[in-house]
Amino acid sequence: METTQYGDHPLEDRIAALETRVRMLEDQLAVQQLLNRWGPAVDIGDSAAAAGLWTDDGVLESEISYLDGPAGVAAMVESDGQQALIGQGCAHVQAFPLIAVDGDRAVATGYSRVYLHQDDDSYAVWRVSANRWEFRRTADGWRATRRTNHVIDGGPEARELLRGGLEP
Amino acid sequence: METTQYGDHPLEDRIAALETRVRMLEDQLAVQQLLNRWGPAVDIGDSAAAAGLWTDDGVLESEISYLDGPAGVAAMVESDGQQALIGQGCAHVQAFPLIAVDGDRAVATGYSRVYLHQDDDSYAVWRVSANRWEFRRTADGWRATRRTNHVIDGGPEARELLRGGLEP
Amino acid sequence: METTQYGDHPLEDRIAALETRVRMLEDQLAVQQLLNRWGPAVDIGDSAAAAGLWTDDGVLESEISYLDGPAGVAAMVESDGQQALIGQGCAHVQAFPLIAVDGDRAVATGYSRVYLHQDDDSYAVWRVSANRWEFRRTADGWRATRRTNHVIDGGPEARELLRGGLEP
């Protein structure tokens with residue numbers, strides 16, 4: 001084994017490198033966990049939990065909706081439409097995404113599905129979508145700043161969202 | 001760069017902090033991996049592998065079953081009902097969950113789906129459920145102590161399970 | 001607190017242990033991320049991105065296809081069959097897998113599903129499969145060397161693939 005050279009702080013350099021690597025791993029898992037809160041929040045109708053995932057300037061955009069900020073999210077969760085889905089039995093399931101963390105910003109790209117309970121106790125796959133989620137590190141931890149969602153229907157919009165996740 | 005103060009052990013403090021953080025990451029991945037063994041174990045009919053995920057006092061409860069300990073799990077896997085599902089072609093797929101680790105305990109909250117192969121080679125989505133999994137660190141690693149599962153049917157039981165995962 | 005014994009390099013040993021543990025975590029996440037690129041690459045028809053996940057000797061085998069190397073993957077993505085699926089709207093969604101890393105090799109075992117958009121805007125679950133993915137660490141990072149895939153149809157082939165992921 002080489003002599004440890006305390007004068008050059010080689011151990012400190014290795015510790016600093018580890019701290020950077022561990023923070024990157026923690027950030028990836030934190031973003032995953034934040035993303036995984038969305039489905040339960042909207043499926044139980046917890047508008048505060050759903051709104052709390054977003055920055056004040058957060059935006060959710062899909063081909064069927066545009067939600068502006070936490071207040072817009074909360075209003076969607078409390079809407080008659082969403083309450084009807086909850087009463088029917090709905091599951092908004094995010095697939096395990098691609099995640100890219102860059103400093104205090106992160107992007108997650110992946111699929112989501114909405115399953116709906118049917119009268120005969122079967123389930124319909126109501127929506128299968130492509131998603132681009134953008135996040136920012138805030139004083140309170142990671143928050144979502146933008147979700148762009150488009151149903152996968154053979155058109156170019158969903159493909160464009162997925163393409164963004166494959167970029168280097 | 002500041003002088004490294006070996007007398008105060010600042011490097012040792014940083015190492016200790018890293019050890020705690022790395023263990024938290026390892027625990028989260030270990031719980032994920034344990035959870036991901038359940039589906040394959042029950043879908044191939046490996047009753048020993050399915051039973052081996054549980055503590056001796058482990059319990060699985062759903063609106064259609066109550067399994068008591070590893071022996072109860074093994075009996076379910078070997079039952080005529082489960083064997084019929086396996087012969088038909090079944091896939092018990094856990095979605096990527098919310099995970100909270102607290103010392104030697106952990107909770108995972110999320111969705112699961114059971115897909116069933118049909119005679120015309122299509123697939124039915126037979127069950128979409130909410131799950132709360134509880135885990136304990138044992139001398140042999142993480143094991144499941146309780147799974148509470150309820151089909152998402154518009155009723156309050158599934159929502160209550162998901163709500164638990166959103167708590168701070 | 002014990003005296004830190006620099007002469008015995010106990011801090012260096014702890015740092016080395018952390019480096020090994022962090023690398024294991026990074027490898028698991030890297031393999032997950034590589035796997036998560038497959039679906040978007042084939043669903044948007046990016047044959048270069050799909051081919052780029054594989055080593056030169058990579059092989060993809062299923063009960064309906066055999067693809068040999070990156071060129072075979074690219075040809076599949078560009079084929080009339082795959083282009084028709086893309087035009088219809090398809091989502092190749094990998095479930096969150098079991099991952100085992102062993103040095104410069106890794107194996108991921110899990111489920112995948114292909115959802116297809118229908119004329120009435122519903123979705124069919126076209127394929128639910130078992131998968132064994134094998135990976136190798138290369139000079140350019142992790143790459144896939146083999147994917148064996150079989151539809152879950154009640155036969156033994158899919159069960160055999162899942163069984164491999166449960167081995168110690």
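The model is predicted.

**Entry 1: helix 1 of chain B on helix 5 of chain C**

I looked up the geometry next. Helix 5 of chain C covers residues 156-166. Its axis and that of helix 1 of chain B come within 9 Å. They cross at roughly 135°. Roughly antiparallel would need an angle over 145 degrees, so I logged helix 1 of chain B as oblique to helix 5 of chain C.

I then listed the residues in contact. Helix 1 of chain B supplies Arg37(B), Pro40(B), Ala41(B), Asp43(B) and Ile44(B). Helix 5 of chain C answers with Arg159(C), Leu162(C), Arg163(C), Gly165(C) and Leu166(C). I sorted this contact by class: five nonpolar, one polar and four charged residues.

**Entry 2: helix 1 of chain A on helix 1 of chain B**

Helix 1 spans residues 10-44 in chain A, and residues 10-44 in chain B. I read a packing angle of about 30°, with the axes 10 Å apart. That makes the two helices roughly parallel, because the class takes angles under 35 degrees. Their crossing is left-handed.

The residues on the chain A side include Leu11(A), Ile15(A), Leu18(A), Val22(A), Leu25(A) and Leu29(A). Among those they meet on chain B are Leu11(B), Ile15(B), Leu18(B), Val22(B), Leu25(B) and Leu29(B).

**Entry 3: the interface of chains A and B**

I widened the view to the chains. Chain A puts 42 residues into the contact, and chain B puts in 34. About 3,300 Å² is buried between them. Carbon and sulfur atoms give 64% of that area. In chain B, Phe96(B), Tyr111(B) and Leu166(B) lose the most area to chain A. Together they account for 21% of what that side buries.

How many salt bridges cross the interface of chain B and chain A? I count three. I also looked up the pair Glu19(A) and Arg14(B), which forms a salt bridge with its closest N and O atoms 2.9 Å apart. Both residues are also listed in the helix 1 contact.

**Entry 4: salt bridges over all chains**

The count over all chains comes to 32 salt bridges. I picked out one within chain A. Arg137(A) pairs with Asp27(A), and the closest N and O atoms are 2.8 Å apart. Arg137(A) sits in strand 6 (residues 123-138) and Asp27(A) in helix 1, so this pair ties together parts that are 110 residues apart in sequence.

Note on methods:
Residues numbered from 1 in each chain as written. Chains lettered and ligands numbered in written order. Predicted model: local features only at pLDDT ≥ 70, side-chain atom pairs only at ≥ 80, totals over all residues. Heavy atoms only, no water. Axes fitted to C-alpha atoms, helices over the stretch in contact; angles between N-to-C directions. Helix = DSSP H or I, 4+ residues; strand = E, 2+ residues; numbered from the N terminus. Parallel < 35°, antiparallel > 145°, perpendicular 65-115°, else oblique. Left-handed = near helix turned anticlockwise from the far one by under 90°. Contact = heavy atoms within 4.5 Å. Buried area = accessible area lost by both parts, 1.4 Å probe. Salt bridge = Lys/Arg side-chain N within 4 Å of Asp/Glu carboxyl O. Nonpolar A, V, L, I, M, F, W, Y, C, P; charged D, E, K, R; others polar.
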